[in-house]
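User: I would like to go through some labels used for this model and ask what stands behind each of them.

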Amino acid sequence: MNFEFNEEQMMLKDSIIKWSQDNYSFDQRRVSADNPEGFSRAHWATFAELGWLSVPFAEEYGGYGGSIIDLAAIMQEFGKMLATEPLVPTMVLFGGVLSASSNEDIKTELIPQIIDGSLLGAVAIYEPQSRFDMSNITTSASVEGDGYLLNGSKSVVLGGAVADKILVLARTSGEQNDEVGVSLFVIDGNADGVSRNAFELMDGQQACDVVLQNTPATLVSELDQAYGPLMDAMQSISVALAAEATGIMERLNLTTVEYTKTRKQFGVPISSFQALQHRMVDTFMAYEQVKSLLVGTLCELTDDKSSPERASKLVSALRTLVAKNGKLIGDEAIQLHGGMGLTDELDVGHYVKRLMMINLMFGNADFYQQQFNEVAYG
Amino acid sequence: MDNAFSAADIEFQREVREFFSNEFTPDLKARAQEGSDVKGVAIEWQHKLYEKGWIAPGWPKELGGTGWSPVQKFIFETERCEAGAPDVVPFGLKMVAPVIIHFGNDEQKARFLPRILKSEDWWCQGYSEPGSGSDLAALQTKASRDGDHYVVNGAKIWTTYAQYADWIFCLVRTGNFEKKQQGISFLLIDMKSEGVKVNPIHSIDNHHSLNEVVFDNVRVPVENLIGQENQGWTYAKALLAHERTSIAEVSNSKRNLAEIIELAKHQTNHKGRLIDDPYFQSRLSDIEIELMALEYMDLRVLASMSAGDTPGPEASLLKIKGTEIQQALQELRMETIGAYSASLRQDSYQNELHKEGSSARKEYMYGRAATIYGGSNEVQRNVIAKAVLGL
Ligand SMILES: Cc1cc2nc3c(=O)[nH]c(=O)nc-3n(C[C@H](O)[C@H](O)[C@H](O)COP(=O)(O)OP(=O)(O)OC[C@H]3O[C@@H](n4cnc5c(N)ncnc54)[C@H](O)[C@@H]3O)c2cc1C
């Protein structure tokens, strides 16, 4: 048994830590986020050069051939960096969903472009009525020549405004809630009939609502059969986001402990109050719980002998705790900083917001706990 | 034991309800929610309350108060929240005025109180300093006597809406004694005085309400001192107790709960309407049950006050539970709205949820402060431990 990252994974992490120490202090991050697009294209090119964008992709497409463990290793560091560059939308979401699709031509064409930094992507799955459910799809696809035309609207598409390509989930048959009958398509970000209404999100990332009107699209999944592969892809994506969240939790806890040691009230550091010590012990334990479940999930997902039920149970458990314990850690970090915790100047609030985003956009505690219940007792 | 209103109270309730429905117009409501003209909206609304004679329910009747019983005040607050109308800006009407009324001299009363009633002066509260938050009595802003002036040097922080203020009421150090609570004075300072500088502090709700106020050799006439020199701590403590009782915010939370239920009827998940989802229902009832308990806690404190007591340390309990419930509701509202709560877009745009989401997010983020200001919840727990449990 070995629950540590291996040497190569540590090297990957170190390269991110080193680069961000020199180039991505909180103030430097702010400069990056203040770009009109919400991030720095120059940094993005650097991420590609340093090979980070290749980590999750198979060698046959020019990738590093990393496992979910490798991806988790780097996501923890990206979480600490609080990067506004579109790592999640392009590498994790677009890359993850595309990798699980069945259109080899498209994969061969697009994955190398993700890796070399020339292509930004996004996925448009959720609709206003669907919350976190991927079978509740009303966007429709109809055959047109040897392609398709899409009609419908997609909400809060992360990284959508700058995406060169967008993967869109649309219905090719069946009723609104049927799992069979949804298919995955790729469209050009600026194709005919795409309107993208961009807005900024609270954690500095950008998103857009997408309205599709007779938008030309290429099928990238088996017809009607996108749901299963998409669920599989979402499992890895959920774990990658959980890894990002653990990086953030670790940072929030560290920052808070440090702050209480230096902040003096009543003539003593506030860290000397036992009431606060116990609170920090609780947030420390909350972080250790999530980290333990993350490690367990990573082992399970890379174990050939694991059952799909077991894997699914672990992922839902992990994300339930990410939401619950993340909430505790975020709340306490602000509270223990007092008025300082309310300031935009400090990184604490920004970490808290990113942590909240992960749950708001991709599934909160209620959602994952229900999923857990269905697998465990259903 | 009974919890019924009298016939007179019911008649009063009708009158209050009618007032809010006539005067708190949809236009005013929309501008209050939109939030860009904080000062203009507040003053316009406060003028209406002033015209009606209802601007200062907490003041003695002869100075412009309403003479209401605690139950009438309770009814007024409840109806205000039902109507979604904002509370008055507290710094003048609810904070400095009671101090002037209790501890000020006749000239100070004549000079400041009428202007506060008519919202002619905007006040802010200068207590906290970079080095003294929870440990307020450690404050260092210094006022030295120079003839018939004090010369003030130092800095205040977290001063809400100082950017709009005409006046600031400050705790300043006028002497050094063995106990840090001694040697503090309560001073009123004109914000237009030379040497006053206001630096904005941007907060995590993407809004500007907080400031640092720096005093560089600011000359303040001695007639702006309230009560006795070096006795300011006593006055301030009286005021802090006042702040603590209005903090349970039961009616506000009830209104928020009702709004979330309404939202959840229109929001869906994979099973259908969110409101029909048993998980969601449990989240709601977890909060509503706590809120019901808080409501009766609040009424019990109210009833003991009608019998003549001032609220004791048990008011700390109202603050802790009240703010915890407010925060739980803010969280649930965001989750009810879902991903749109993360949007910074404030207009209703293509989708009503942008507006709903953006205001839910702002309330949630700013709402983190409720457990920090007005005596943090940790400090309130210390109060209960000492003063109620005798630990
Ligand atoms: C939004 C907002 C608006 C405000 N508006 C105003 C205003 O208009 N005017 C004004 O004067 N002030 C204002 N304040 C300041 C507010 O009163 C202080 O933030 C508060 O007193 C806490 O002080 P601090 O921020 O220095 O935190 P600290 O006192 O440094 O506290 C940090 C943490 O330590 C905890 N702690 C401190 N002492 C103890 C203890 N003995 N035992 C256990 N835990 C302890 C606190 O509870 C907190 O969690 C405002 C604050 C905020 C956030």
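User: Where does B:Tyr161 lie, and why is it called buried?

Analyst: B:Tyr161 sits in the loop between S3 and S4 of chain B. Strands are DSSP runs of E with at least two residues, helices are runs of H or I with at least four, and both are numbered from the N terminus. Its relative accessible area is 16%. Buried means under 20%, exposed over 50%, and partly exposed in between (1.4 Å probe, protein chains only). The value of 16% is under 20%, so B:Tyr161 counts as buried.

User: What are these values based on?

Analyst: This is a predicted model, in which local features need pLDDT of at least 70 and side-chain atom pairs count only at pLDDT 80 or more, while totals for chains, interfaces and linings use all residues. Residues are numbered from 1 along each chain as its sequence is written, chains are lettered from A and ligands numbered from 1 in the order in which they are written, and side-chain values use heavy atoms, with hydrogens and water left out.

User: What makes the phi of B:Tyr161 worth a remark?

Analyst: Most residues other than glycine have a negative phi. The phi of B:Tyr161 is near 55°, a positive value in a residue that is not glycine. B:Trp158 also has a positive phi, about 65°. B:Trp158 lies in the loop between strand S3 (149–157) and strand S4 (167–173) of chain B. With a relative accessible area of 22%, B:Trp158 is partly exposed.

User: What makes the contact of B:Glu79 and B:Arg17 a salt bridge?

Analyst: A salt bridge is a side-chain nitrogen of Lys or Arg within 4 Å of a carboxyl oxygen of Asp or Glu. In general, side chains of opposite charge can pair when their charged atoms come close. For B:Glu79 and B:Arg17 the N to O distance is 2.9 Å, so the pair meets the 4 Å limit. B:Glu79 belongs to helix H4 (residues 70–83) of chain B and B:Arg17 to helix H1 (residues 7–23) of chain B, so the bridge ties together parts that are 62 residues apart in sequence. B:Glu79 is buried at 4%, whereas B:Arg17 is partly exposed at 46%.

User: Which other pairs meet in salt bridges?

Analyst: One of them is B:Glu23 with B:Lys48, at 3.6 Å, N to O. B:Glu23 is in helix H1 of chain B and B:Lys48 in helix H3 (residues 38–52) of chain B, so this pair joins parts 25 residues apart in sequence. Both are partly exposed, B:Glu23 at 28% and B:Lys48 at 22%. Another pair is B:Lys321 and B:Glu290, at 3.9 Å, N to O. B:Lys321 lies in helix H10 (residues 315–337) of chain B and B:Glu290 in helix H9 (residues 278–306) of chain B, 31 residues apart. B:Lys321 has a relative accessible area of 29% and B:Glu290 one of 38%, so each is partly exposed.

User: What makes a nonpolar surface patch in chain A, and why is A:Met285 called partly exposed?

Analyst: Patches consist of residues with over 30% relative accessible area and no salt bridge; like charges are joined within 9 Å, and nonpolar side chains (Val, Leu, Ile, Met, Phe, Trp, Tyr) within 5 Å. A:Val281, A:Phe284 and A:Met285 make a nonpolar patch of about 280 Å². A:Met285 is placed in helix H8 of chain A. Its relative accessibility is 44%, so A:Met285 counts as partly exposed.

User: Which residues gather in a patch of negative charge, and why is B:Glu107 called exposed?

Analyst: The patch is made of B:Asp106, B:Glu107, B:Asp148 and B:Glu223. Asp and Glu count as negative, Lys and Arg as positive. B:Glu107 is in helix H6 (residues 106–117) of chain B. Its relative accessibility is 64%, so B:Glu107 counts as exposed.

Conventions: Accessible areas come from the Shrake-Rupley method with a 1.4 Å probe; for residues, only the protein chains shown count as cover. The place of a charge is taken as NZ of Lys, CZ of Arg, CG of Asp or CD of Glu.
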